[in-house]
Amino acid sequence: MNTNTKSGEGGSRARGTVLAAGRGLALAVGSLPLSILGFCLSLVSMALIPIGVGALTTPWVVKGVRAYAERRRALAERWGGVRVPSAYRPVPRTGDPFRLSLALLRDPATWRDLRWLLVDMTAGFVTALLPAVLVLYPLEGFALAAGLWRVVGDGDGGAYWYGFVPVDDQASAFGAGALAAALLFVAHRHTLNVFRVHFLLTAAMLTPSQAELAERVRVLTESRRDAVDTSAAELRRIERDLHDGAQARLVAMGMDLGTVEMLVDKDPEKAKALLAQTRRSSAEALSELRDLVRGIHPPVLAERGLGDAVRALALRLPVATEVSVEIEGGRLDAPVESAAYFAVSELLTNAVKHSGADRIWVDLRHESGRLRLSVTDDGTGGAAIGAGSGLAGVERRLGTFDGVLAVSSPAGGPTMVTMEIPCVLS
Amino acid sequence: MRVVLAEDLFLLRDGLVRLLEAHDFEIAAAVETGPELERALAELEPDVAVVDVRLPPTHTDEGLQCALRARRRRPGLPVLVLSQHVEQLYARELLADGTGGIGYLLKDRVFDAEQFVDAVRRVAAGGTAMDPQVIQQLLARRSGDGQGPVDRLTPREREVMELMAQGRSNAAIAGKLVVTERAVAKHTANIFVKLGLEVSDDDNRRVLAVLAYLDRDR
């Protein structure tokens, strides 16, 4: 391939061309069966929802197709430099397969993926294969010119067609060679663009529509309003606590100290008693401040991060609680850490107060860009989102971070609450 | 007695220096950051270190980590850890090596100078000084269901156990509860029988046994 290149740029372009051809071939061969399989399975699975079987399979198939689409999005960015945004609605964590399937079918992204599969197995396949054809086909032309023409002609003496050139003697074989050279020139100039067309096609099919983005904006606006409301309410609570607590105590202490100053000569005994009282007040003010701080941002969380903060919390509970933590390679972002801590804290309080459990398990793990939290107890069950259970509040607060919450709590227990928050370690 | 002191807030550091010097301690060094503490502990070989959990530059649990590292290098190095909040988790880490010479107190305890100085001396002598709040947390967990051995203690025995778990000697407990030392010894023996622990003559071993018992998982 480097016969007709002189400059370094030409060399790198030639390498790029060969690379694109190789990648295109691999992509075409690899993606065709997967796209066909994904499309067929999706159709069959959705068609079978009414008789029940489909409800069980659809979530799996849809998730598989989404994972496949995400891989192809990543590939488009890596190989073609084309960024394809993805906007799937959060998958509800419900145990009911019908509701889950229905929610997935209601997501326009599911249908968009299907349309993309259809295009990918046709136009996508062709555009992926074209670079390889552009690079490999000229080789055949050269081979014909070099003498292969003698063996490829069919038995009846008819011509062998190379492109639009009928090859039956050395002269026409040279004609084929010339066409091959022209093709190779085109390949050298345009393979990269052709390959890019494949990814642009992927982008065109997989990019979310305006309506979906608008829906996403609506959800974000709502959760932001919730977050602002919540934090305003928190600030009001803190202000009130400080005003009625530590602040009032400091005022009282100041007055007492004034009295002590006055009494210290006249009635030393009484002054001493008053001093002791002042010291008690200061200790109480400190302990109130400590509780307040714990409610704002627990010190262990600041000092040790989420894992140890939850461990310390568990040690304070009257119910035996096992905590397992798998968060490796750094700390979570402070806001996520704090939200996760208070969510777990709320769930633990619920479990202790309402479930009648005598064991609780907390599991925290960070994997593939998501923080997963689960709190399980062996209590009586029957917990539900809403109905003043506090779970709705937790869900709303997690919403600010695109987090989701799912509850499994059959009557008689056990209760398992799972939360997921997308986040990275820092 | 030579003390290394680590506290980042100037007012508190200054106050502690004055308080300790007034009680005939020699301040070998009063530092404000983790790295300085690390150096001071390695070079000055103090009789006791008084350390704030949270220190610059990270403002996380740098002081605690420094203290734990120093104790790994020099087992039994007496360390009194001070904090704005006490956590059973930290107490457990401090007590883990079982060698004594450990204190863990709320900063509020400095208000009562006599008791605080007593705690520093106790720790320096290889004893224990646990904050009453730690003990209460432990007890609250232990007696959650009202069925365990701790619930079978009489109120007086429970009082004695709380003070013992804080690390106080029989004499100190007797003084505090206004009873004779023999009465305290009797209560102590009862407590150990009820909890199924082995009795030991050594004050500190007794304290550690009670703490370990309270911290044990149910």
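Of the 426 residues of chain A in this predicted model, 28% count as buried, a residue being buried if 20 or more other C-beta atoms, placed from the backbone, lie within 10 Å of its own. Local features need pLDDT of at least 70 and side-chain atom pairs count only at pLDDT 80 or more, whereas totals for chains, interfaces and linings use all residues. Residues are numbered from 1 along each chain as its sequence is written, with chains lettered from A in the order in which they are written.

Chain A has twelve helices and seven strands, taken as DSSP runs (H or I over at least four residues for helices, E over at least two for strands) and numbered from the N terminus. Two residues are in contact if their C-beta atoms lie within 7 Å, and among contacts in chain A between residues at least 6 apart in sequence, 69% join residues at least 24 apart.

Within chain A, the axes of helix α4 (residues 108-152) and helix α5 (residues 170-206) come within 8 Å and cross at roughly 165°, where axes are lines fitted to C-alpha atoms over the stretch in contact and angles run from 0 to 180 degrees between N-to-C directions. This makes α4(A) roughly antiparallel to α5(A), a description that applies to angles over 145 degrees. The residues of their contact divide into 29 nonpolar, seven polar and two charged, with Ala, Val, Leu, Ile, Met, Phe, Trp, Tyr, Cys and Pro counted as nonpolar, Asp, Glu, Lys and Arg as charged, and the others, Gly among them, as polar.

Definitions and conventions: A residue is buried if 20 or more other C-beta atoms lie within 10 Å of its own, exposed if 12 or fewer, and partly exposed in between; C-beta atoms are placed from the backbone. Angles under 35 degrees count as roughly parallel, over 145 as roughly antiparallel, 65 to 115 as roughly perpendicular and the rest as oblique.
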